Amino acid sequence: MSLMHRVTLQVQVGSADGGQRKQLNYIVKEKSDKVFGGEMVELMRVFPKEIHMYLKILPSLEELWKADKVKFGPKMFKVTSSPFTVIVMEDLRLSGFKMKECSAGLSQEDCERVLEKMAKFHAASVVYYEENGPYPEDFKDGMFSDRLITMLEQYYAPLFDSYLQTLEELRYPAQIIEALNSFKGKVYSTISKLFRLDSSKFNVLNHGDTWINNIQFNELDLLLLDYQISFYGSPSYDLLYFIINSALSVRTEKFNDLIDHYYSHLAAGLQQLGAQTPTPTRQQLYEDITAHGFMVCVLSMEGLAMMLAMPELDLDMEILGSMEPEGIEFRRKLYTNGRFVKMIEKLMPFMWDRGFLKEVQSSA
């Protein structure tokens, strides 16, 4: 939903004969009408939200962890909204940070590192709420929102139809097909309902888009990028989104281990920061994850499927949700891709056994 530029400047410091030349490097994020999103970028207010994150919230969260020198994102140098909307940030490459290869997924060790940072982020966001009150209106919802149902239900409907057809052709058990079939035409509204804010439950500020391409690692640390769809709500969002999209080789076998690792660091973080909000029990966290588990199905049919199709299939977001013949053929290739078929062989039984599908079916 934005354009990214790496900018290198050659500058002269001091006089031309007695000074020195220096090279400055920046990353510039630009709002543009040439990217995917269109009206959705405006409805979701992704740039005002991210600008607020960099200007106020991230510095405040890092201040809470000042004694431990915890950082959550790159330095932000400047933002403008007129005549162009841009965010100017540091180039993390200069500090040895780099992105991992997304097709391979993250190792269990790297996943644990990310979950530790996520737990610190979530813990700090709880204390921030206690000290500053509710987050601004823009943070009331993220990617799944009642405001976007009209726009996105029609996008998800053909994806889900093609996804379900593939599962039928692969002869998945009738009970799974029946459970999924009840959500035809209402996938997006169902997941939006699940992620409505429940103020009686434990809530955090979710990063909203934590996956391999938005995490940069160096030998000692990692930083999170892209805060455009951050929102306040159930921590199950960040947990499921990250583990399903990034822990490709260990997400099902080590799921409990990863959740437990996050939980231990969340509980420790809340205690260290002096949070007044009661720490949820481990059982409450697992129950919350199960209640939001249908998200795994949605992730598997869109973002995860697209990631597994690269680079063989040139991704086209406009065609992906199209009802035209080219859209139908595009989705057929997407869901018959060997890597997708292999992935869903593990993920679908995992969803069923965990009650992720049955839970939604009974509450929808």
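I began with the second largest pocket of this predicted model and sorted its lining by class: 17 nonpolar, nine polar and seven charged residues.

Next I looked up its volume. The second largest pocket holds about 760 Å³ of space. Its lining comes to 33 residues, and I noted Asp198, Ser200, Lys201, Phe202 and Asn203 as the ones closest to the centre. For secondary structure, I found two or more lining residues from each of helix 3 (108-132), strand 8 (231-233) and helix 9 (282-291). Which element gives the most to this lining? I got helix 9, with five residues.

Then I moved on to the largest pocket. I have its volume down as about 1,500 Å³. I found 50 residues lining the largest pocket, and nearest its centre lie Met1, Asp209, Trp211, Asp226 and Tyr241.

How does the lining of the largest pocket split by class? I noted 29 nonpolar, eleven polar and ten charged residues.

I also checked which elements supply at least two residues to the lining of the largest pocket. Helix 4 gives the most here, with five residues.

Note on methods:
Residues are numbered from 1 along each chain as its sequence is written. This is a predicted model: local features need pLDDT of at least 70, side-chain atom pairs count only at pLDDT 80 or more; totals for chains, interfaces and linings use all residues. Side-chain values use heavy atoms; hydrogens and water are left out. On a 1 Å grid over the protein atoms alone, a cavity is a set of points where a 1.4 Å probe fits but cannot get out, and a pocket is an open set with protein on both sides within 12 Å along at least five of seven lines; lining residues have an atom within 4 Å of a point. Grid points are joined across faces, edges and corners, and a volume is the space filled by probe spheres set on the points. Helices (H or I, at least four residues) and strands (E, at least two) are DSSP runs, numbered from the N terminus. Ala, Val, Leu, Ile, Met, Phe, Trp, Tyr, Cys and Pro count as nonpolar, Asp, Glu, Lys and Arg as charged, and the others, Gly among them, as polar.
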